[in-house]
Amino acid sequence: MISTEKTLLGKSLEELTHWVQQQGQPAYRGKQLHQWLYQKGARSLEEISVFPKLWRNQLGNYPVGRSKINYRIISPDATRKYLLSLDDGLIIEAVGIPTTKRLTVCVSSQVGCPIACDFCATGKRGYDRNLKTHEIVDQVLTVQEDFQRRVSHVVFMGMGEPLLNLEAVISAVKILNQDMHISQRSLTISTVGLPQKIIRLANHNLQVTFAVSLHASNQVLREKLIPSAISYPIKQLLEDCRQYIAITRRRVTFEYILLEGVNDLPKHAIELANHLRGFQSHVNLIPYNPIEEANYKRPNQQKTQNFMNVLQQHKIAVSVRYSRGLGANAACGQLQSSRLF
Ligand code: SAH
């Protein structure tokens, strides 16, 4: 796929080499540019000290494709949330989540989100546009620069629905993998699931981790929580996931938000287990992170444990994800870009 963007970030080594040659420079400058963009995180051509001064002056403010950090907030658990302003003034969020062994970046794929899940702050905010490839890659470079540490994992779990911006997301995955050397298995694409799109993603045959936001154990409940579920019956969604596994030979993670009294009862766990029996999958339970615009409650640890026990009794692989970043409104579902605290 040839990028038609003017910005340099987002281009492959080949494309950068072509670009420097168009500028009358020798081909090896393409390799230098590639290294400065993707390894050193150059924010402007001006700072690429291996380039001749005269050429750098001529290039002036040629767009590299980096965003500006508008605001940064550090949560008590060391998670950092960034508000980044894009070229057109729109603002997105990215989150850096450090542990001793990993530095994970939670990236946005859209400005806002059109899906409007009832429990998600991004959905309540509305939708502006898809992100371009370089605007996704930039988030990873920004977090890497701010932590002064290599990013090891990237999850497409920030603002937006990745499968509504499939081309840019796939290009970003390729850049993160080939140009920034993050292994595909350390990249996670999380989706609400959309008709035809799961198969389209599968056909790219990536080795990324694939996560589907199931969140409900039956169709009626799912439609209440996720408006787009109306046009995608659970049965079809699960059938497409089976096909995804057959094509990519990778298991699927099912994300399941726990909303007290809504979808966290033992009967829901049994219903869920019945759907997933024999599936090459893993269930990731996400206790609800409170948002102002919704009235749901997070179940206590006992209820969460009970739900998990039922699944385990049915031999379903399951774990609980307690989101990091709650103290900075940076946890799953809390990204909205207008609210800082
Ligand atoms: N659009 C993608 C990415 C969304 S964010 C998707 O639907 O998968 C990543 C996860 O956080 C999704 O599973 C999403 O449903 C979940 N989430 C959204 N709001 C949440 C909240 N308030 N508490 C906990 N998880 C939430």
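**Close-ups of a ligand and its surroundings**

**View 1. Who stands around the ligand?** The ligand has 18 residues around it, and the closest are Phe 119, Ser 190, Ser 213, His 215 and Asn 289; a residue makes the list if one of its heavy atoms lies within 4 Å of the ligand. By type, the shell splits into nine nonpolar, seven polar and two charged residues, with Gly counted as polar. This is a predicted model, where local features need pLDDT of at least 70, side-chain atom pairs need 80 or more, and totals for chains, interfaces and linings use all residues. Numbering starts from 1 along each chain as its sequence is written, and side-chain values use heavy atoms, leaving out hydrogens and water.

View 2. A backbone N or O atom of Gly 160 is 3.0 Å from a ligand nitrogen, and a polar side-chain atom of Glu 161 is 3.1 Å from a ligand nitrogen. Glu 255 puts a polar side-chain atom 3.4 Å from an oxygen of the ligand. The protein covers 96% of the 530 Å² of accessible area that the ligand has on its own (Shrake-Rupley method, 1.4 Å probe).

View 3. β8 (187–191) and β10 (252–258) each give at least two residues to the shell around the ligand. In total, the protein chain has eleven helices and twelve strands (DSSP runs: H or I of at least four residues for helices, E of at least two for strands, numbered from the N terminus).

Conventions: A polar contact is a pair of N or O atoms within 3.5 Å; within protein, one must be able to donate a hydrogen and the other to accept it, and residues adjacent in sequence count only if both atoms are side-chain atoms.
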